[in-house]
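Please consult the sequence and the model while reading.

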Amino acid sequence: MFESILITIATAATPLLIASIGELVVERSGVLNLGVEGMMVMGAVTGFGVALATGSPWLGVLAAVLVGALFSLLFGFLTLTLVTNQVATGLALTLLGLGLSGMIGESFVGLPGVKMSYLYIPYLTDIPYVGKLLFGQDPLFYVSILLTAGVAWFLFRSRAGLTLRSIGDNHTSAHALGINVIGIRYLAVMFGGACAGLAGAYLSLVYTPQWIENMTAGRGWIALALVVFASWRPWRVLAGAYLFGAVSIGQLHAQALGIGVPSQLLSSLPYLATIVVLVLISRNRRLTMVNTPASLGRPFVPDR
Amino acid sequence: MKKTVLSLAAAAAVLSFGSMSAQAATKACFIYVGPIGDFGWSYQHHKGLEEMKAALGDQVETAYLESVPEGADAERAIERFARSGCNIIFTTSFGYMDPTNKVAGKFPDVKFEHATGYKREHPNVATYNSKFHEGRYVQGVIAAKMSKAGVAGYIASFPIPEVVMGINSFVLGAQSINPDFKVKVVWANTWFDPGKEADAAKALIDQGVDIITQHTDSTAPMQVATERGIKAFGQASDMIKFGPTTQLTSIVDDWGPYYIERVKAVIDGTWKQQDVWGGMKEGHVVMAAYANMPDDVKKLAEETEAKIKSGSFNPFTGPITKQDGTEWLKAGEVSDDGTLLGMNFYVKGVDDKLPQ
């Protein structure tokens, strides 16, 4: 039972983690994209549709990643090339995504989807207590962990990552050094979109393999909050996503046990826990300042 | 320039008003709490709308708004409909109760129909609801027959009378077969969040229940039950496609006949305030085909359904003991509708503390 609870927590945390990691890279480059929810739901509908049409969940995932990236390109074009307001454009992207996905998915409603199968390695998956947890989950779970490690390495151990962070901290200086600010930001935005698309595909192919309108149910917003919660550090995003998942699942178990705490209070626990940790983290203001991308959300128009 | 625009706008307004009074079509408007693609509650209401539209044809014009949050936002949505020339507005969720009555006070000429509520503060507000608990009683009977553990899991939305009534009815049905039957309740505190509903189902199964029933709107719990190899009941629509080997039956809401009747009443000018609570007898509550169960259980389910349908049996017939051990109904006593519609207590056998 304990193992099965841990797996449930991992399933709840994985979509948040994937979307957050993508948004983290976007924000590290100094762009605030509030359209995560919209890109996610577009990924969900695309993943579902393509998997249904081809019978292959992997093609669905691939399509979702591509559509997520393409959809974010719209945001990139508006905010980076036309220098529109990032907050407003991001919100518009979310609204557009929710509406558009509902329209695309109209004929998918009520159809059972394709479910991605779990990993199975002979002997290893059969190990009692930990086998399924470590070697028997859905493939995207492993992708999410690798993604976190990859982004952590890229941002803090590679030259390209340093360049990306320098743009996020001061785009004017980076531009003066001859760095292609807009170009790199485009790439970051597209990476964020691809991750959000992948997170959406996770929902419609693994978490609840079906298409229902608005099925992201606010997870994109939680992913956005997690980035701030993690003070823009990849491993902290992972910790935050799992904390959030653990408290959400824990409160359901507490209810099923009938412990008699009001369910409204229990339901709000994941959010309360997030706020408490956020307060604890931000006690050290200097450390927070160091981690916050200084150019976050500021428009950039290169001078000649 | 500005003046021209203004006068043009004024002219357009006059024109549109003119055309509105000229056309005879009655406008029926609907407000849904979820997306029409939820394959549950809102989906069925929208099916009712389409049925009504097909039946009344040119006489009626329709409009709807989906995913309208309950509360202050709803008031704006309802008011916008009232202003836009709707003759009758159906607000289809419990949480629209106060906003509906508030707007109704401002628009005495527009008819309002609020689903699942009990407040009719103005003569132009009617309420309607279905006795879903009749179906839940039948489900309880089936659950007690099918469950080996003797415990069912119940995924609930919000602690409102409607939902509490359903839980109690389910328990009573189950206890009519197995007096020791227990129900574990998890409150999702949402009508619609597939992920959370799936998580709730997993949590319940991990704690040993082997039947899942839900009062939330998505098909996610059905899929989890299929994956874990246990049985489940559908909600609001027939969800057999999501659990061909899982769904025992489902309570299907059929709003079509009611919508046809009420919109027709507006057209004929015979609309009156009323409070309708239709059940199996009136055809508002329909059970999906009984599946995945042995023949004797199926027979028992059909008999129970027939008994309720004929009106010879009410699920809330004594003796019934409340959760705290006090007696609620004496043997043979039948609960009045008022108590049911304001139900805020559990009966014996519910393994949960009711959120107040």
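Two residues are in contact if their C-beta atoms, placed from the backbone, lie within 7 Å. The model is predicted.

Q: How many residues of chain B are in contact with chain A?
A: The contact involves 34 residues on the side of chain A. On the side of chain B, the number of residues is 30.

Q: Which element gives the largest share of the side of chain B that touches chain A?
A: The elements of chain B that give two or more residues to this side are β7 (182-187), α7 (194-206) and α8. The side as a whole divides into twelve nonpolar, eight polar and ten charged residues. The largest share is nine residues, and the element that gives it is α7(B).

Q: Which strands are the edge strands of the open sheet in chain B?
A: Seven strands of chain B form this open sheet, with mixed pairing, in the order β12-β10-β9-β8-β6-β7-β15. An edge strand pairs on one side only, and this holds for β12 (285-287) and β15 (350-351) of chain B.

Q: In which sense, parallel or antiparallel, do β8 and β9 of chain B pair?
A: Strands of a sheet pair through backbone hydrogen bonds, in one sense or the other. Ile211(B) stands opposite Lys231(B) in β9(B). Over two bridges, β8 (residues 211-214) and β9 (residues 231-236) of chain B pair in a sense that is parallel.

Q: What angle does the direction of α8 in chain B make with that of β9(B)?
A: Helix α8 (residues 220-228) of chain B packs on the sheet and touches β6 (151-156), β8, β9 and β10 (247-253) of chain B. Its direction and that of β9(B) make an angle of about 170 degrees.

Q: Why is α1(A) described as oblique to α10(A)?
A: Helix α1 (residues 2-28) and helix α10 (residues 219-229) of chain A pack with their axes 8 Å apart, at an angle of about 55 degrees. Because of that angle, the relation of α1(A) to α10(A) is oblique.

Q: How many residues of the contact of α1(A) with α10(A) are nonpolar?
A: Among the residues that meet are Leu16(A) and Glu23(A) in α1(A), and Ile222(A) and Arg219(A) in α10(A). The residues of this contact include two polar and three charged, and the number of nonpolar ones is nine.

Q: How far apart are the end C-alpha atoms of helix α11 of chain A?
A: Helix α11 (residues 234-257) of chain A has 24 residues, so at 1.5 Å a residue it should span 34 Å. The distance in the model agrees with this, at 35 Å.

Conventions:
Residues are numbered from 1 along each chain as its sequence is written. Chains are lettered from A and ligands numbered from 1 in the order in which they are written. This is a predicted model: local features need pLDDT of at least 70, side-chain atom pairs count only at pLDDT 80 or more; totals for chains, interfaces and linings use all residues. Axes are lines fitted to C-alpha atoms, for helices over the stretch in contact, and angles run from 0 to 180 degrees between N-to-C directions. Helices (H or I, at least four residues) and strands (E, at least two) are DSSP runs, numbered from the N terminus. Angles under 35 degrees count as roughly parallel, over 145 as roughly antiparallel, 65 to 115 as roughly perpendicular and the rest as oblique. Ala, Val, Leu, Ile, Met, Phe, Trp, Tyr, Cys and Pro count as nonpolar, Asp, Glu, Lys and Arg as charged, and the others, Gly among them, as polar. The expected span of a helix is 1.5 Å times one less than its number of residues. Two strands pair if DSSP finds at least two bridges between them.
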